[in-house]
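I have kept to what can be read from the coordinates.

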Amino acid sequence: MVELFPVFFIFIPIFTGIIIYLVKNKHVTSIVFLSQLILAVLYGFYVYHYIQNPNVAYIVLGGWDDKFAITLKNDTLSLTFIGLSIFMWTSVLFYTYKTNRIYHKYLFFLMFLEGIFLAFLQTNDLFNLFIFLELITVLITILISYKKNGPSLKAAIYYLLLNTLGAMFFLIGIIILYYTYGSINISYLQENIGLHQNHQMVKLAYILMISGISVKSALFPLFTWLPKAHGVAYTSLSALLSGLLVKGGLYLFIRVHVYMFGYATYNMTEVFFYIGALTALVGVVLALVQKDLKQILAHHTISQIGLMMMGLSYGYGLSFTGGLMHIINHALFKSLLFLCAGLIIYEYKTKKIYAIRGVFRSMPITSIFLIIGMLSISGAPFFNGYVSKTLIKYSFKAEPFKMFLYTLVNVGTVTSFIKFSQILFGKKVDLEKRKDAKQFVSIFAIGLLCIGIGIFYKPIGSFIYGLDLSYVKLFDLKAWLDYIIYIGIGYILFKYYIDKDYKPVQVIRSFQMTFETANYLFIFYISSLSFILFYLL
Amino acid sequence: MSPLIRRISLVLLLGFILFVFITSISDFSTIYNDDGKLFYYANGFQDTGSYNYVTGIYLDYRLFDSLFEAAILLIAVAGVMLISEHSIDEKNATFMLDKQKTPELFITFSRLLYPIMLLFGIYVIVNGHLSPGGGFQGGAIVATAILILYYIDITKTVNVHVVLTIEKILFIVLVLTASLSYLTRGVLFTNFFRLDASLDQKAIFLTLMNILIGAKVSLGLVAIFTAFLKEGR
Amino acid sequence: MNPILSFIVILVGIYGLSVSKNIIKSVFCITIVEAGTILLFLNLGAYEGGVIPILSSLGIEIVDPIPQALMITTIVIGSTITSLALMLCIKIFHHYGSIEWKVILKGDK
């Protein structure tokens, strides 16, 4: 019976959503909490059985020959992601429950998205993966356009058209692999890819799949859909999108590039490192010039994804583990920041960063958690950002140019959060508070996890990944000194340049990329990657 | 940059991708792999009980895919209805074609065609495992037949909320029927008769699934088209 | 020859996406790209003298049935995305009064 738990993970949220939609009663919506509880209990049992016997995690649906049927497979990577998703969805449901009890359709789409995302993480068949990719695109489009005002519709159609184009290219890659190997089972392809890997057709399939994945995970030329989509949605949805669903693209990258093709097959490590570094720098520059509270956080997500790509491109060792840990840590502290920002925007009724002052005196509990989030994201010791950022720089600590890029990204991060922390200072403002204890429960749980991972990283590292993380030292004098220097440089940069709002800052802020330019850059990306792979390597 | 330079560079980049594709496909037949086709040709009829191999694949070997294809139709219909909602709650949709504007020729031909198309659509759905056809294809034909009613009679109203409710219930019934095989055979998402049952018994499962999928697809397409017509008033 | 023509159809669709100034034209170009993909999949597996994959008492070589089953799903997905995108276009026209990308992306401060 334990083998069937993956199927239960998929269908319990879907059925919950349909029941909520059909029975339009206010009190029946509390079954969402019951279903989350059932999911958590089943997840606990499943992990316990998996530790004793890893073979329980591979099931063939229908009992046919597993080279030609659909299979579901779980391993450490997907189980970590499943645990994180169940936790994030529970927090978001606590946060948004009181206002959304009457919005049956919103809860229906949200629970359906949870079921489909859990299925996306577990499937072992390439065409099934494509169907789930398209389903996630359609669901997120509907959820973004829920408010039905001008900016939401604009963001929704931009997101839909660009991501559908990326998924179509992913499908062309799958077609070529099917005709070459006869099967679209990922485990089978992982063992047998070495037969034809140097043929030009297989290299073309690799390029097309990587370009489809780059659109989904918002890498350098193709990230323009992200600030629009994450800035105009409801706050609970923005927390979920920035925290979890954009990491789906990075999960696909790990499955296709690192596991299925093998990270050493085509020697593309340096290429992906520089793409990641470029993404991180462009993201942090754009984040520094924004005036809207949620847009700063949304642009900042782009730069953190670049940082994760800098770690994941190595494919093995401590940098790769650092990238994986940064995925989990970023989900936690970015959603913490988004949820606190949502509370602040609701009370102050404005989104502009220059109009909000005095948060520390008016809303003390919220501002404490906001400070925890800001310290985590900038890499202060004792918080979880420090662990993952130190691990990422392990593989290239001997190369000065790469360390220079890494330092630039960190300084930019600290500067943008000094700009963000402007809202804390000032006098007390008279506000009418909304009394909802459940929102504070979710913020408190996430904040506690941030501090917990920051202090107890050694047992977690050896238990989940089997690696020794003693490279990261909590009381390293050089790390503390680095952090204080970053704060100093960031403060000077902010005070004398960005706060004055010079002409270049205004030019960068009003930069809008049209849809045609985005497609032109997509073609340019495919041609340059194929030129590098075919003729230079 | 100026539009002319941009278009020329675009054509050059696309030409480069085409050149890469042509040089790769010239010796593709050396690595072409036949394993999938030979497996289905050898085992398809005995395992699934359907003469049509394609129906055997999407209703037995890859039933999991078809369930989520039905789910994406459900989501798209719900999304289109959500986006097109006006602030006044209108449960019924009326047609925008006015009786005086539709020519008599259209109305007469639609009256002739409607029963023939409906019958043809139901034939394609039910005979999916014996001849080319199946649930998805037949569902589209039945949806087109119902939409021809728009030409015949403008006072016909369609209650869209009832259609959406029936569609969701059909989805739950579909998933439960597909998972019935766990009780009889010990594996999920396949035919619930045993592997050595007779051809007629296996055909019961195939026909039932085809009818459910066909009903779901046709209701969904009718709802989407009705939502678009409502917008046009 | 046939797979190369299908790939040209896909490239024509992408060229259209990069130069169209109208939202409805962009939606049409996505439909063209999807049609080209389906043609490519079916053409790579077809050959002279193959028959449809239905069991008959003659022992002739059949065409591969897997591409046809997968492409049924792809056609349904493509049609749902087109309908969703067109409904969004209608609503954008109600809000902004025009369906050109330039006017819409200019923003509404």
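The points below take the chain contacts, then the core, then individual helices and residues of this predicted model.

1. The contact between chains A and B brings together 42 residues of chain A and 41 residues of chain B. On the chain A side, the elements that each supply at least two residues are α1 (5-22), α4 (104-122), α5 (126-144), α6 (150-181), α8 (200-216) and α23 (515-536). The largest share of that side, 8 residues, is given by α5(A), and by class the side divides into 28 nonpolar, 12 polar and 2 charged residues.

2. Chain B also touches chain C, in a contact that takes 33 residues from chain B and 29 residues from chain C. Two or more residues of the chain C side come from each of α1 (2-19) and α3 of chain C, and the largest share, 14 residues, belongs to α3(C). By class, this side of chain C holds 22 nonpolar, 5 polar and 2 charged residues.

3. Chain B itself has 10 helices and 2 strands, which follow one another along the sequence in the pattern α-α-α-α-β-α-α-α-β-α-α-α. Of its 233 residues, 38% count as buried. Among the contacts in chain B with a separation of 6 or more, 76% join residues 24 or more positions apart.

4. What is the extent of the largest nonpolar core, and which residues have the most contacts inside it? The core has 266 residues, and those with the most contacts inside it are Ile116(A), Ile136(A), Leu139(A), Ile157(A), Tyr159(A), Leu336(A) and Cys340(A). The element that gives the most to this core is α6(A), with 22 residues. If residues up to four places away in sequence are left out, Ile136(A) touches Ile116(A), Phe117(A), Phe120(A), Leu245(A) and Gly248(A).

5. The 15 residues of α16 (residues 364-378) of chain A should span 21 Å at 1.5 Å a residue, and the end C-alpha atoms are 21 Å apart, which agrees. For α18 (residues 400-420) of chain A, with 21 residues, the reach from first C-alpha to last is 30 Å, close to the 30 Å expected.

6. The buried residues of α16(A) include Thr366(A), Phe369(A), Met374(A) and Ser378(A), and the buried residues of this helix pack against α14 (317-348), α17 (384-392), α18 and α19 (437-455) of chain A. In α18(A), the buried residues include Leu405(A), Tyr406(A), Asn410(A), Phe417(A) and Phe420(A). Just after α16(A), Gly379(A) takes a positive phi of about 90°.

7. Most residues other than glycine have a negative phi, and two residues deserve a look on that account. Lys148(A), in the loop between α5 and α6 of chain A, has a positive phi near 60°; with 14 other C-beta atoms within 10 Å, Lys148(A) is partly exposed. Phe189(B), in the loop between α9 (181-185) and α10 (199-231) of chain B, likewise has a positive phi, of about 60°, but Phe189(B) counts as buried, with 24 C-beta neighbours inside 10 Å.

8. Is Val11(B) buried or exposed? This residue lies in helix α1 (residues 3-25) of chain B and counts as exposed, because 12 C-beta neighbours fall inside 10 Å. Between Val11(B) and Met81(B) the separation is 70 residues in sequence and 40 Å in space, C-alpha to C-alpha.

Note on methods
Residues are numbered from 1 along each chain as its sequence is written. Chains are lettered from A and ligands numbered from 1 in the order in which they are written. This is a predicted model: local features need pLDDT of at least 70, side-chain atom pairs count only at pLDDT 80 or more; totals for chains, interfaces and linings use all residues. Two residues are in contact if their C-beta atoms, placed from the backbone, lie within 7 Å. Helices (H or I, at least four residues) and strands (E, at least two) are DSSP runs, numbered from the N terminus. Ala, Val, Leu, Ile, Met, Phe, Trp, Tyr, Cys and Pro count as nonpolar, Asp, Glu, Lys and Arg as charged, and the others, Gly among them, as polar. A residue is buried if 20 or more other C-beta atoms lie within 10 Å of its own, exposed if 12 or fewer, and partly exposed in between; C-beta atoms are placed from the backbone. A nonpolar core is a set of buried Ala, Val, Leu, Ile, Met, Phe, Trp, Tyr and Cys residues joined through C-beta atoms within 7 Å. The expected span of a helix is 1.5 Å times one less than its number of residues.
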